[in-house]
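Take a look at the model below. Keep it in view as you read, and find each part as it is named.

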Amino acid sequence: MKESNVDVSSDQPVFAAELTPHRSLGRRGFQVVLMLSGAVCLVYGGFFLATGAYPIGFFFGLDFLALYFALKMSYRSGKAREEVTVSRSNLSIRKFSPAGRMVEYCFNPFWARFRVNRHEEFGITSMYVTGEGRGTDIGSFLNPDDRESFAKAFKGALATVKQKT
């Protein structure tokens with residue numbers, strides 16, 4: 001999550017953030033996991049093929065393919081992002097899908113309401129922006145700590161814009 005704050009006097013953005021999902025496994029880790037699991041599947045699959053239990057060897061190959069596709073899908077979902085910008089005249093939330101499609105939600109910041117749902121144990125579970133009869137969720141892919149820091153900064157930006165009229 002990247003944030004920036006600017007002067008409120010002009011129609012420049014007061015707040016801008018780019019929200020991206022966290023991925024704990026980097027490209028190098030992805031390769032290491034695939035090589036290790038591929039080696040294990042090859043050794044054990046080869047053993048079972050040699051002993052005559054060929055269906056088990058076949059399933060080791062399917063397990064490896066399933067792991068590969070699951071990791072690829074996880075990386076693809078990591079390409080999703082949201083750009084949030086607040087100025088005196090506009091609140092813009094641009095959502096980018098992993099495929100690159102963009103959907104933009106624009107609100108008047110004076111009418112926009114920021115709602116946060118909390119759980120005692122887990123903290124913020126969801127965040128929403130509503131206004132003018134419509135709304136959207138925001139930061140659904142963030143981890144709890146990032147949700148807390150974003151909610152605090154975003155709420156502060158909305159309050160700043162509403163104070164400086």
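**Strands, helices and rings**

V86 in strand 3 has L91 in strand 4 as its bridge partner. This is a predicted model, in which local features need pLDDT of at least 70, side-chain atom pairs count only at pLDDT 80 or more, and totals for chains, interfaces and linings use all residues. Residues are numbered from 1 along each chain as its sequence is written, and side-chain values use heavy atoms, with hydrogens and water left out.

Strands and helices here are DSSP runs, numbered from the N terminus: a strand (E) has at least two residues, and a helix (H or I) at least four. Two strands pair if DSSP finds at least two bridges between them. Strand 3 (residues 81–86) and strand 4 run antiparallel, joined by six bridges. Four residues make up the hairpin link from strand 3 to strand 4.

Now follow strand 4 to its other partner. Strand 5 (residues 102–107) runs antiparallel to strand 4, and six bridges join them. The hairpin of strand 4 and strand 5 has five residues between the strands. In its turn, G100 has a positive phi of about 100 degrees.

Is strand 4 enclosed or open? Five of the six residues of strand 4 (residues 91–96) are buried, so the rest of the structure largely encloses this strand. Buried means under 20% relative accessible area; exposed means over 50%, and partly exposed lies in between (1.4 Å probe, protein chains only).

Move on to strand 6 (residues 113–119). Strand 6 pairs with strand 7 (residues 123–131) in the antiparallel sense, over seven bridges. A hairpin of three residues joins the two. R118 stands opposite I124 in strand 7. Strand 7 also runs antiparallel to strand 8 (residues 134–137), with four bridges between them. There, T130 has G135 in strand 8 as its bridge partner. Two residues lie between strand 7 and strand 8 in their hairpin, where E132 takes a positive phi near 55 degrees.

Helix 2 (residues 54–77) has 24 residues. From first C-alpha to last, helix 2 reaches 35 Å, close to the 34 Å expected at 1.5 Å a residue. The expected span is 1.5 Å times one less than the number of residues. Which residues of helix 2 are buried? They include G57, F60, L71 and Y75. Helix 1 (27–50) is part of what covers the buried residues of helix 2.

Y68 lies in helix 2 too. Y68 counts as partly exposed because its relative accessibility is 28%. Leaving aside neighbours within four places in sequence, Y68 is in contact (heavy atoms within 4.5 Å) with F30 and L34. Y68 and L42 are 26 residues apart in sequence and 14 Å apart in space, C-alpha to C-alpha.

Now look for the rings. The structure holds 10 aromatic pairs. Rings of Phe, Tyr and Trp (its six-membered ring) pair if their centres lie within 6.5 Å; planes under 30 degrees apart count as stacked, over 60 as edge-to-face and the rest as tilted. F58 and F59 form an edge-to-face pair, 5.7 Å centre to centre with 65 degrees between the planes. F58 counts as exposed because its relative accessibility is 53%. F59 is partly exposed, at 47%.

The rings of F150 and F154 are stacked, because their planes are at 15 degrees, with centres 5.3 Å apart. F150 and F154 both lie in helix 3 (residues 144–163), four residues apart, about one turn of the helix. An α-helix has 3.6 residues a turn, so residues three or four places apart point the same way. F150 and F154 are both buried. Ring pairs link F15, F114, F150 and F154 into a cluster.

Charges meet rings as well. A charge sits over a ring if NZ of Lys or CZ of Arg is within 6 Å of the ring centre and within 35 degrees of the ring normal. R81 has its charged end over the ring of F96, 3.9 Å from the centre. R27 lies over the face of F30, at 5.6 Å from the ring centre.

Finally, check the confidence. pLDDT is the predictor's confidence in each residue, from 0 to 100. The chain averages 88, and 93% of the residues score at least 70. Over residues 4–8 the pLDDT is below 50. Beyond near neighbours in sequence, that stretch has 13 contacts in the model. Where pLDDT is low, the predicted coordinates should not be read in detail.
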